[in-house]
Structure formats: structure tokens, C-alpha cells
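Keep the sequence and the 3D view open as you read.

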Amino acid sequence: MKEHKTRLALIALLADGHFHSGEALGDALGMSRAAISKQVKVLQSWGLDIYRVQGKGYRLAAPLELLTHEQIMAHTDCADLAVIPVIDSTNQYLLDRVGQLPKGAVCLAEYQQAGRGRRGRQWLSPFGSNLYLSMYWRLDAGMAAAMGLSLVVGVAIAEALQSLGADGIRVKWPNDLYYHDKKLAGILVEMTGQAGDAAHLVIGMGLNIAMPEQEGVAIEQGWTNLSQACDHLPGRNQLAATLIAKLSQTLTDYEEKGLDGFIERWNLLDNFLDRPVKLLIGQRVVEGIARGINSQGALLLETDEGVTPYIGGEISLRGC
């Protein structure tokens, strides 16, 4: 869209974090100062923290490293990489192209207009402050072989972030990443295919990097940013490349070893292991001690009746 092209050009000018006068921005983009002011309001609605000082002009609250195809590919190999700044949903982009994509194809965005999480929930996706990444993968062994895949993806992301200096990253059954008991990232695995055929998987991830506090006011649980977990935050292009490489390697390992090869790795990272939790299954609440996962990816919960595996539901710390 032409409007998006203009807005992205304006973001590129502001990305250095310096002041730019409305007049200079207008000259660069062939627009009036009034038109610049209008476009800035749109960018603010996208979640960009832009402010204006009389006599100085407009400025981003912090410099912004924009995602680029070239910089990501300089750090890793990828079968097919699409960097689309403004998109409805990175997952939907790949789902619409299943059958046309090579295994390991990736879509990245700066801003999702219709990002989604589990159970049809909206995933807040402000421009440039987080990472929105989806990968396509084909499992020739079929849909049954995808059991527990979100757990494997969680392990991959946590290990990748730890390799970049975020030591305290943990996983939450079945599909979140946590830091200090607050949500850092979410995983959404969507699958298409027919019984007896290969499973086509789209693995989506939303990772909070430096989301402004005001952008997260609608989130109904504690959340945090990668900037809180890293002393030296990696660049977003390097971060994306690291995650792509780790996901590809981990999914290849999963095809060879199955979930059994990841149980120990999961338990080392499990945020809730040996802690009192409550499991919500619809209207039912089960309380017990979390004891990790089994080879089917089920949560093991110890109650007065013993240790029972649970496939569905959501957990939280008891009392939360």
C-alpha cells in the first residue's frame, strides 16, 4: 500500500533516535508539515513512542534497529525469508502459502494488524518493539508426530536466548516463555494436513523485546521484556537470525529423536518444576505440584491421588 510505503519511509528517517523537524521530514518525503503530523499520529497508534518538542521536531524515544533481509541472511541461512514490515499475521501469511514453501521458510514482521495467540486471543504487536516470527515446517511422519511440538519450540527459543546472555529464561507448559515469573514470549503452532499424509506446521512466536509500558496495559497477566533479562541486548537482526538457526536445528533433531530427546532439556528450563500450581481445564481447577512432562508432552501433576498426566489446560502458580 502506498500509505504504508510513506509511513515506513518516515519511520526509517526517525529510526536514528535524533530530532527531525517537520519541515525536514516533509521535504524528504514530499509532504507538508501538516501531513507529517497526521502520519506521526498513525505511527503512534501502531505503538511507536514518538514525541515532539517545539523548535526541535519529532523524535523516537529510543533508536530503532529495523529488520532487514540482508542483515538477517548475513547471520544465518534460511530456505525462504520474507521480511514484511506491516502484515495482518505472520502465521497467516505462511498458512496461505502452504504447499508452495520450502521447509524452514520464515516470515518476519515489524507490526501485526491481526496478530493472534492461543484460543483465538489477540496478540499485541506494536511496531518495532518486539519480534514477530513464523516458520513453516513439514513433518513427513504425519500429524501424530507433531505431539508436543510447542514444548520443543519453547526449549529451542529459551536455549537460543540463553546463548545470547539471557540466563534466567524459563519455559511454561505448554507454550510460553517466562522470566522471573512473568510472560516474555508466546508460541502458537497451527497445523494443516490429512490423516495419513504429511503434517504442514506453521510455528509462530511473539517475543517482547522492549515493549513500552503503555502498550501492555491491556495484557491481563504479568509480562516482561527481553531487555530486562539481558545486560547487553542483541540487535534485532542478530536475534532473529539466532532464533531461525536454532529453530531449524531443533526441529531437525525432533524429527530424529521425538519428544523423548527433549524431556531432560525441558525439565532443566521448566519455570514451574516442583512448584505448587493450579491447572485450569475449562471450569475445573486441579491443584498440585508440577513434576515436569512425560513422553507425550503431558503435564505431570502430583496431587493426593498420585501423579497424573494432563494434556490440556493452563497452569499458574497456586495463589495467582
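Q: Which strand does helix 8 run at about 25 degrees to?
A: This is a predicted model. Helix 8 covers residues 236–257 and lies across strand 3, strand 5, strand 7 and strand 11. The angle of about 25 degrees is the one to strand 7.

Q: How far apart are the end C-alpha atoms of helix 8?
A: Helix 8 has 22 residues. At 1.5 Å a residue, they should span 32 Å. The model agrees, because the end C-alpha atoms of helix 8 are apart by 31 Å.

Q: Which residue with a positive phi follows helix 8?
A: Helix 8 ends at residue 257. The phi of the residue that follows is near 70 degrees. That residue is Gly258.

Q: In what order do the 7 strands form the open sheet?
A: The pairing in this sheet is mixed. Strand 3 and strand 8 stand at the edges with a single partner strand each, so one side of each is left without a neighbour in the sheet. The twist averages 20 degrees from one strand to the next. The order is 3-5-7-11-10-9-8.

Q: What is the bridge partner of Gly186 in strand 11?
A: Strand 10 holds residues 182–192, and strand 11 holds residues 199–208. The two run antiparallel and are joined by 8 bridges. In strand 11, the partner of Gly186 is Gly206.

Q: Within what arc do the buried residues of helix 3 fall?
A: Residues three or four places apart in an α-helix point the same way, because there are 3.6 residues a turn. The buried residues of helix 3 are Ile36, Gln39, Val40 and Leu43. Seen down the axis, they line one face of helix 3, because they fall within an arc of 110 degrees.

Q: Which exposed residues does the face of helix 3 turned away from its buried side carry?
A: Exposed here means over 50% relative accessible area. The face of helix 3 turned away from its buried side carries Ala34, Lys38, Lys41 and Ser45.

Key
Residues numbered from 1 in each chain as written. Predicted model: local features only at pLDDT ≥ 70, side-chain atom pairs only at ≥ 80, totals over all residues. Heavy atoms only, no water. Buried < 20%, exposed > 50% of the residue type's maximum accessible area, 1.4 Å probe, protein only. Helix = DSSP H or I, 4+ residues; strand = E, 2+ residues; numbered from the N terminus. Arc of directions from axis to C-beta. Pairing = 2+ DSSP bridges. Axes fitted to C-alpha atoms, helices over the stretch in contact; angles between N-to-C directions. Contact = heavy atoms within 4.5 Å. Expected span 1.5 Å × (residues − 1).
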